[in-house]
Amino acid sequence: MARLKHIAQQRQEKLAKIRGQGINPYPHSYHRSHTTQEAVALYEQIESSPQTTQNTELSLAGRITAIRFMGKIAFFDIHDSSGKIQAFFSCNLLGNERYEFLHEIDIGDIIGAKGKLFRTKTGEISLEVNDFTLLAKSLQPLPEKWHGLVDVEKRYRQRYLDLISNEETKPIFKLRSQLISASRQFLNEREFIEVETPVLQPVAGGALARRFKTHHQALDQELYLRIALELYLKRLIIGGFDKVYEIGRVFRNEGISTRHNPEFTMVEIYEAYTDYNDMMKLVEDMLSYIAKKVIGKTEIKFGEELINLAPPWQRIYLREAIKERCGIDFEDYPDADSLRIRMKQLGLQIDPNKDRGRLVDELISTFVEPSLTQPTFLLDYPIDMSPLAKKKRDNERLVERFEGFIGGMEIANAFTELNDPLEQRERFHQQRATQPTELMPAKPGDEEPEAEAIDEDFLQALEYGMPPTGGLGIGIDRLVMLFADKQSIREIILFPQLKVK
RNA sequence: GGGCCGCUAGCUCAACUGGCAGAGCAGAUGACUCUUAAUCAUCAGGUUCGAGGUUCGAUUCCUCGGCGGCUCACCA
């Protein structure tokens with residue numbers, strides 16, 4: 001009883017009272033004729049065309065978010081997913097008994113109401129209710145009406161309350177939905193086919209990240225949650241689907257931050273007989289298509305910046321970008337040790353376990369990434385950090401890879417896919433050899449090394465022959481952050497990962 | 001995992017240098033036939049995140065722990 005406090009207890013008493021009157025506080029269904037938004041639009045239309053003064057009865061339903069009694073009349077605010085409308089109740093119209101029953105209704109309850117639309121003296125379109133039905137009794141008090149729910153932790157843990165009481169939350173997730181939907185449209189229009197590949201994988205590859213491990217009982221087999229979509233989508237290219245994509249969740253067992261959630265959504269796109277140049281074109285076209293579709297223009301505001309997504313985006317060679325910003329030409333440092341020494345000279349604190357690829361990555365994120373506000377492609381990465389990309393046509397130490405940056409965030413990653421099965425095998429082995437220790441089992445008690453079991457099944461697939469292919473990955477969450485102008489990934493994921501209390 | 005900051009009524013926030021833990025909203029009761037952060041009157045509502053410690057006395061100071069925010073590391 002201490003936990004089920006005062007208000008909840010009072011509401012339970014009301015609930016019992018309602019049941020005592022033979023009323024079911026949780027009926028099975030209710031047929032509404034309009035959403036609140038449709039109702040408001042309907043009345044505006046009726047007003048603007050005087051000849052059709054037909055004002056018919058309609059029925060609405062939603063959650064009560066405010067109650068204002070004024071003696072023998074009352075005003076309730078009713079919210080549904082489309083918006084809000086005011087309901088007007090009067091003792092005259094409802095009769096004493098039904099009017100009195102209104103006192104059993106609380107803020108937070110769901111009701112259905114029938115009546116005709118009108119404008120109040122102060123000009124608000126309202127429903128003059130001649131009949132109403134309780135559809136669900138609420139037993140918990142809602143957050144305060146004026147400030148809403150401010151406590152960030154509660155907003156994430158009880159997202160439904162955030163959605164109910166903070167008006168600005170719902171549009172973010174509508175935007176997210178539209179963005180994903182526009183991505184599908186774009187790709188479908190270009191005759192890509194959408195596929196679904198395993199989330200549970202015996203060998204989770206395609207990226208460098210710690211995995212989540214799980215176990216299948218019946219098979220008595222270890223499985224991993226996927227960390228990328230890549231290796232299965234390439235199998236489909238080999239299988240003869242020339243244009244495939246998948247939008248799906250991937251899982252990375254890494255740190256959590258304002259830009260990282262353990263599970264996040266990626267779209268990966270593969271197209272046979274293209275290379276990374278074609279993929280650049282695809283990213284530009286796709287993002288400006290999405291922008292036009294979702295917000296009607298290619299300019300977006302992100303923080304203080306105005307970003308224009310219209311193609312063509314700036315293209316910079318990675319080597320030049322790094323050299324320009326910190327004076328280091330990574331081509332002068334062919335191994336991790338020499339590069340590390342050079343970086344230490346700049347006052348950087350360097351993790352001694354980092355291999356050359358990771359050191360270059362650190363140069364990017366320290367010196368280059370933050371300044372890439374306008375859409376920019378960084379081109380041609382060192383081979384060390386890209387085991388799945390094909391070498392440059394004229395440089396053995398670089399691969400045909402680009403990353404797309406917007407608003408200082410990495411949004412896209414793409415390469416001309418490596419399709420030489422023997423070289424791929426060799427690169428996997430090299431990668432495993434330089435694997436930093438932190439990807440190895442953390443505790444001595446852990447079983448087999450987690451890092452880089454080689455995906456033999458994938459290598460076998462490659463041996464059957466994969467056409468030259470361009471591949472592209474786009475982080476949907478980052479894209480939503482950009483479009484929603486949010487600096488934290490938790491604001492654009494409905495239920496971000498939090499510790500269990 | 002490290003650093004900094006935060007946690008007080010259902011919600012939003014106060015409480016000076018350590019001295020009786022308070023307000024608004026939400027709730028209950030009453031008044032009110034056009035309100036909309038309705039208004040007015042009355043009432044109720046607390047393990048001050050948890051456990052220790054210092055003190056005559058702790059929301060306040062100290063230690064440990066929990067959860068969160070920002071940030072660094074890892075990563076995308």
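Let's start at Pro 312, which sits in the loop between strand S13 (305-308) and strand S14 (314-317). Pro 312 is joined to Pro 311 by a cis peptide bond, with omega about 0°. For background, most peptide bonds are trans.

Before going on, some housekeeping. This is a predicted model: local features need pLDDT of at least 70, side-chain atom pairs count only at pLDDT 80 or more, and totals for chains, interfaces and linings use all residues. Residues are numbered from 1 along each chain as its sequence is written, while chains are lettered from A and ligands numbered from 1 in the order in which they are written.

Now the overview. Chain A comes to 15 helices and 19 strands; these are DSSP runs numbered from the N terminus, helices being H or I with at least four residues and strands being E with at least two. Along the principal axes, the C-alpha atoms fill a box of roughly 85 × 60 × 50 Å. There are 501 residues, and 33% of them count as buried. Buried here means 20 or more other C-beta atoms within 10 Å of the residue's own, exposed means 12 or fewer, and partly exposed is in between, with C-beta atoms placed from the backbone.

What about contacts? Two residues are in contact if their C-beta atoms, placed from the backbone, lie within 7 Å. Taking contacts in chain A with a separation of 6 or more, 63% of them are between residues 24 or more positions apart.

On to domains, whose bounds come from an automatic or database domain assignment. Domain 1 is 6-142, and domain 2 is 169-313 + 374-491. Their centres, taken over C-alpha atoms, are 48 Å apart.

Have a look at Gly 148, in the loop between strand S5 (125-136) and helix H5 (152-157). Gly 148 counts as partly exposed, with 17 C-beta neighbours inside 10 Å. Leaving aside neighbours within four places in sequence, Gly 148 touches Pro 143, Ser 165 and Asn 166. Its C-alpha is also 7.8 Å from that of Asp 162, which is 14 residues away along the chain.

Next, helix packing. Two packed helices are described by the angle between their axes and the distance between the axes. Our axes are lines fitted to C-alpha atoms, for helices over the stretch in contact, and the angles run from 0 to 180 degrees between N-to-C directions.

Helix H7 (residues 169-189) packs on helix H9 (residues 276-295) at about 130°, axes 9 Å apart. That makes H7 oblique to H9: under 35 degrees would be roughly parallel, over 145 roughly antiparallel, 65 to 115 roughly perpendicular, and the rest is oblique. The crossing is right-handed, meaning the near helix is turned clockwise from the far one by less than a right angle, with anticlockwise being left-handed. From H7, the residues in contact include Leu 175, Leu 179 and Phe 186, and from H9 they include Met 286, Tyr 289 and Ile 290. The contact divides into 8 nonpolar, 2 polar and 1 charged, where Ala, Val, Leu, Ile, Met, Phe, Trp, Tyr, Cys and Pro are nonpolar, Asp, Glu, Lys and Arg are charged, and the others, Gly among them, are polar.

The other pair is helix H10 (residues 318-326) and helix H12 (residues 356-368), with axes coming within 10 Å and crossing at roughly 55°. H10 is therefore oblique to H12, and the crossing is left-handed. Ala 321, Ile 322, Arg 325 and Cys 326 of H10 meet Leu 363, Ile 364, Phe 367 and Val 368 of H12. By class, that contact is 7 nonpolar, no polar and 1 charged.

Now for burial. Helix H8 (residues 230-239) has Glu 230, Leu 231, Tyr 232, Leu 233, Lys 234 and Ile 237 buried. Those residues pack against strand S10 (243-251), strand S11 (263-272), helix H14 (456-463) and strand S19 (469-475). After H8 comes Gly 240, with a positive phi near 110°.

Which helix is largely enclosed by the rest of the structure? That's H15 (residues 476-484), because 8 of its 9 residues are buried. Among them are Asp 477 and Arg 478.

Most residues other than glycine have a negative phi. Asp 380 lies in strand S15 (residues 376-382) and is buried, with 20 other C-beta atoms within 10 Å.
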